[in-house]
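Dear colleague,

Please find the structure we discussed just below, followed by some notes on what was found in it.

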Amino acid sequence: MRRALPLLLPLAGCDTVQSMTGGDGRQGALFNDLFVIFAIVTLVMLALVLTGLIASIFRRHPAKSSVPGENDEARDAPFRPLLIGWVALIATGLLFLTTATYLTDRAMQARAPANRLLEIEITANQWWWDIRYKSSKPWQTIRTANEIHLPVGIPARITLKSNDVIHSFWVPNLAGKQDLIPGRRTDTVLEPKRIGVYRSQCAEFCGAQHAHMALDVTVESWADFNAWRVRQLTPAPAPATPLALAGYNYVTTRECASCHAIAGTPASAQVAPDLTHLASRRSIAAGTFPMTRGHLYAWIADPQGAKPGNNMPVVGLEPNELHSVIAYLETLK
Amino acid sequence: MSSRFRVSLILLAALASAGCEREQRDPRGKPLPEDQSNVAKGDPRDNAYENVSYQLAQGQRLYGWMNCTGCHAHGGGGMGPPLMDEEWRYGGRMEDVVATILNGRPNGMPAFKGRITEQQAWQLAAYVRSLSAQPRQDVLGSRPDKMSTTEPATISEREKVVDETPALPRDEKD
């Protein structure tokens, strides 16, 4: 038993922020149930087959006849009902699994309710996620990056697009994978059942930094979600300290503003992650670093260090510029 | 199969694997030292940017991102001069194009110094020169990176066109 313990070690990874078996979302739970049904049915059948095989080894053989085929009839007679039962069992089992698969698939495909409470558009880029919370009122549209917040129990309709190559959107805790294909629109529905913090990972190899393309998923209560949404709708606060003001001047007039946008400032380019509420996120650079001051310094000073090949260039900031830029970015809560 | 034949097969495979090395990329874009003795042959950065497909592809990306198309279209020109012919108002060498991008030129070309990094300017210059087929042909991509995207006819569920009159604005509860 003690020797078998290391074999159980991988199971320890099954109950984390990135787990397929948690059943934290409706689709994920449905799929998990189907998996359990399949496991039970196939294991029972395996046990039956093995029992039969082992029994056949220990069965007493009748005396051999010199004429081949003479004893076959008498020997096989008692097994005929068993054989018919076996075929019937296999047919029933396959029919059962097919029906279970069909019903699960229908249940997963079931459309979200008509009231479109929550519509999110996710655009994949090499190697980050561009997020838009859509609304019929343009001033209530939220743009963020590398994080989504979802209210618990409410289905979110998600439209998926790609700007460059094929990516795949996968929140293992909540639902299955869905590809993001350039030139096409695909969609999926996320319906979280449990409040929690989950991690999504690009699930289709998309280039050198495929592994560093994660998405933070926060499932929270409707009240918390609305508070988050209201906060996201506010523009960036004006810099309060002289250092932050210097950073504001740099960020909004120099290289940063050529690609990034910060709502409420002149920086409005759309090709890189939106920075309006950067400091309120949990991670930097699509899940590459946790959001801390030290990691912000490392990322801005040398973006090509931990994530070589990404499209953020080494700007070559002077130390005083770096200090002020970080001081400003940290105010973007 | 004789053992000698097998050995030569293995050697051949080993030889072929030498071609597997990936093109070297320099993601940080360290500026190369300018060798003054070689000035006659041009800036040493010419080769580092112009003859590397990666740099051309990055330049192509930036060409769209920095809205070069706004004036130069996709090389055919518009408000700005065309870039796909062999006429260069301010010189067509890499250094000249980089200088044009970074410092701007009279009558409309804005200066991008401080808006993009020097590395990006060199990548852009390499791509601009590739529009008139200046770099080596084996470096050029055979097609643009970006697809021309129109919505496919296969999408079954389309956004409904709602007939909105000013008197009855559509209102959603959210």
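**Notes on the fold**

In chain A, 65% of the contacts with a separation of 6 or more are between residues 24 or more positions apart, two residues being in contact if their C-beta atoms, placed from the backbone, lie within 7 Å. This is a predicted model, in which local features need pLDDT of at least 70 and side-chain atom pairs count only at pLDDT 80 or more, while totals for chains, interfaces and linings use all residues. Residues are numbered from 1 along each chain as its sequence is written, and chains are lettered from A and ligands numbered from 1 in the order in which they are written.

Chain A has nine helices and twelve strands, taken as DSSP runs numbered from the N terminus (helices H or I, at least four residues; strands E, at least two).

The axes of α2 (residues 26-58) and α4 (residues 80-109) of chain A come within 10 Å and cross at roughly 175°, with axes fitted to C-alpha atoms over the stretch in contact and angles running from 0 to 180 degrees between N-to-C directions. α2(A) and α4(A) are therefore roughly antiparallel (over 145 degrees).

Of the 333 residues of chain A, 30% count as buried (20 or more other C-beta atoms within 10 Å of the residue's own; exposed means 12 or fewer). The buried residues of α9(A), among them V325(A) and Y328(A), pack against α6 (242-253) and α7 (293-301) of chain A. F205(A), in the loop between β9 (196-201) and β10 (214-220) of chain A, counts as exposed because it has 12 C-beta neighbours inside 10 Å.

Best regards

Definitions and conventions. Parallel < 35°, antiparallel > 145°, perpendicular 65-115°, else oblique.
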